[in-house]
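Hi everyone, thanks for making time.

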Amino acid sequence: MTYQNILSEIKANILYITINREAKLNALNKATLLELADVIAYASRTEEVRGVLLTGAGEKAFVAGADISEFSSYNTEQGEALARNGQVNVFDAIEKCNKPFVAAINGFALGGGLELAMACHIRVAADTAKMGLPEVTLGLIPGYGGTQRLTRLVGKGRATEMITTADMITAERAEKIGLVNHVVPLAELIGKAEEILNKIKQRAPLAIASAIRTVNAAVTEGVNGFEVEIEEFGNCFGTADFKEGVGAFLEKRKADFKGR
Ligand code: COA
C-alpha cells in the first residue's frame, strides 16, 4: 500500500511512522486511520521491525485529534461505528502489537492524538507539547479509548478532571502525573525515543512480545494477569532466544537474538 497521509521508513530495525498532514495539524481523517491500520499490521508481521517510533510532522502538532470536518453530520450509529472501527483497527492494534511503539509527542496531542499516544507502549514528549482531551467542548466524549487509557495511566480523579474540564496540560505536568515517561527539549525528542528503542531492539524479541502481552493483561478486565505471566514465562523457555540469552551470559558474550 502506498501512503498519502503518513510517512513510513525502516532504519536500523526501527520503523519510523510520521503522520504527515501538517497543514491540518496531523488530524486523523479516515484515510490516515486506514493507512495507520495497514502500517501497524505490517509492523506486526515484519521480522526486520524490532520497534516503532510514531510522531507527527512539523513542530506544532503530534496529532490535534480526529478530523472534526469528517464527522460533523454523523448520527448515533455512525458515531458508534467510527469509535469501534478506530479502536479495533488502530488504537487496540497498537496496544496489542508484538512490537513496542514509542510515541514521540512533538506538539499538540489532543483528543484522538492523545489517545493515539496513550495506545503506544511508551511516551516521550517535547517540553513544548500540550496534551488534552477536549471532546466535551464539541458535545462528545473521547471515543478512541481515551476514557479508559487515561484513567489507567493517571487515576480516576485526574482523568475525570482532564476529560470534564477539557483543559490542556503541559508536558511537565504530564510527566508528573505519569502520562508521559520522559520530557526533553524538542531538538532531543527523536533522539530520546531512539535511545529507548535502540535498547529494546537488543533484547530478545519474543520476550519483548511476551512482556507487552503480560503488561496488557494487567489492565484487561476479566483476565488474570498473574496466570498470563505464568504461561508466558513458561513459553519463553521453549524459545531459541532463551537458550541464546542464557548461553551468552554463561559464556560472557553479547547475546545475538533471532526472535525464534
Ligand atoms: N480536525 C480537523 N481539522 C483540524 C483539527 C481537527 N481536529 N485540528 C486542527 N485542524 C485544522 C484547522 O481547521 C486549520 O485548518 P485550516 O487552516 O484549513 O483552517 C489547521 O488545522 C490549523 O489549525 P488552527 O486551529 O488554525 O491552529 P491554531 O494554532 O489556531 O490552534 C489548536 C491549534 C490545536 C488549539 C486548534 O487547532 C484546535 O483546537 N484543534 C481541535 C482540537 C480538538 O478539539 N481535537 C479533538 C477532536 S475530537
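So, where the two domains meet, 10 residues of domain 1 are in contact with 6 residues of domain 2. Bear in mind that this is a predicted model. To get your bearings, domain 1 runs over 6-200 and domain 2 over 205-250, and their C-alpha centres are 26 Å apart.

How much area is buried between domain 1 and domain 2? It comes to about 620 Å², and carbon and sulfur atoms give 65% of that. On the domain 1 side, three residues to look for are Glu95, Asn98 and Arg152: together they supply 53% of the area that domain 1 buries against domain 2, more than any other three residues.

Still, the count of salt bridges between domain 1 and domain 2 is 0. Polar contacts do turn up across that interface, in 2 residue pairs.

Okay, over to the ligand. Which residues come nearest to it? There are 14 residues around the ligand, and the nearest are Lys24, Lys60, Ala64, Ala66 and Ile68. By class, that shell has 10 nonpolar and 4 charged residues, with no polar ones.

Now zoom in on the backbone. A polar backbone atom of Ala66 sits 2.9 Å from a nitrogen atom of the ligand, and for Ala64 a ligand nitrogen is 3.0 Å from a polar backbone atom. Ala23 has a polar backbone atom 3.5 Å from a ligand oxygen. As for cover, on its own the ligand has 870 Å² of accessible area, and the protein covers 59% of that.

Terms used
Residues are numbered from 1 along each chain as its sequence is written. This is a predicted model: local features need pLDDT of at least 70, side-chain atom pairs count only at pLDDT 80 or more; totals for chains, interfaces and linings use all residues. Side-chain values use heavy atoms; hydrogens and water are left out. A residue is near a molecule or strand if one of its heavy atoms lies within 4 Å of it. A polar contact is a pair of N or O atoms within 3.5 Å; within protein, one must be able to donate a hydrogen and the other to accept it, and residues adjacent in sequence count only if both atoms are side-chain atoms. Accessible areas come from the Shrake-Rupley method with a 1.4 Å probe; for residues, only the protein chains shown count as cover. Ala, Val, Leu, Ile, Met, Phe, Trp, Tyr, Cys and Pro count as nonpolar, Asp, Glu, Lys and Arg as charged, and the others, Gly among them, as polar. Domain bounds come from an automatic or database domain assignment. Contact means heavy atoms within 4.5 Å. Buried area is the accessible area (1.4 Å probe) that two parts lose on being put together, summed over both. A salt bridge is a side-chain nitrogen of Lys or Arg within 4 Å of a carboxyl oxygen of Asp or Glu.
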